[in-house]
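The following paragraphs lead through one protein model, from an annotated span to a helix and then to pairs of charged side chains. Please keep the sequence and the coordinates at hand while reading.

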Amino acid sequence: ERAQVGELAQKLQEVTGEKVELAYVDQGYTGEQPAEAAQTEGIRLEVVKLQEAKKGFVLLPRRWVVERSFAWSARFRRLARDYERLTTSLAGIHWLAFAVLMLNSLFSRVHNTL
């Protein structure tokens, strides 16, 4: 995985139009090689580390965002299993699911302000 950081960062910048400046990664991406590969594409990697002396549940910063997103996508039956033959179909369904979630959030906020 570390060897593919440069390629992933390059494709990420192509898709987003060079808008990504910071990426949160887990401890698998520690070291200079992944950081330098991402930096060549203008992305700074911030490693979210687990506390060394932990007891019980420890909330890692920014980790909840990913877990929340997975939980939201699991609410859509079509995304519960991978039935699609093409990756583009699966990506399209993810885009649609998150668009629905974002619109729902927007409308609930507008409704609460009225």
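In residues 86–107 the end C-alpha atoms lie 32 Å apart, and the span is 95% helix and 0% strand, where helices (H or I, at least four residues) and strands (E, at least two) are DSSP runs numbered from the N terminus. According to an unreviewed UniProt entry, residues 86–107 carry the annotation "transmembrane region"; UniProt positions are given in the numbering used here, feature names are shortened, and annotations may be inferred rather than shown by experiment.

The model is predicted, and local features need pLDDT of at least 70, side-chain atom pairs count only at pLDDT 80 or more, while totals for chains, interfaces and linings use all residues. Residues are numbered from 1 along each chain as its sequence is written, and side-chain values use heavy atoms, with hydrogens and water left out.

Helix H1 has 12 residues and reaches 16 Å from its first C-alpha to its last, close to the 16 Å expected at 1.5 Å a residue, the expected span being 1.5 Å times one less than the number of residues. Its buried residues are Val5, Ala9 and Gln13, with buried meaning under 20% relative accessible area, exposed over 50%, and partly exposed in between (1.4 Å probe, protein chains only). Seen down the axis of H1, these buried residues fall within an arc of 65 degrees, so they line one face of the helix; the arc is that of the directions from the helix axis to the C-beta atoms. Helix H2 (32–39) and strand E2 (44–47) are included in what covers the buried residues of H1, whereas Leu8, Glu14 and Val15 are exposed on the other side of H1. Just after H1, Gly17 takes a positive phi of about 70 degrees.

Side chains of opposite charge can pair when their charged atoms come close. Taking a salt bridge as a side-chain nitrogen of Lys or Arg within 4 Å of a carboxyl oxygen of Asp or Glu, the count comes to 2 salt bridges. One of them joins Lys11 to Glu7, with the closest N and O atoms 3.9 Å apart. Lys11 and Glu7 are separated by about one helical turn, because they are 4 residues apart in helix H1 (residues 5–16). Lys11 is partly exposed at a relative accessible area of 47%, and Glu7 also counts as partly exposed, at 47%.

Another salt bridge links Glu46 with Arg44, whose closest N and O atoms are 3.5 Å apart. Here Glu46 is partly exposed, with a relative accessible area of 31%, and Arg44 is partly exposed, with 45%.

Notes
Contact means heavy atoms within 4.5 Å.
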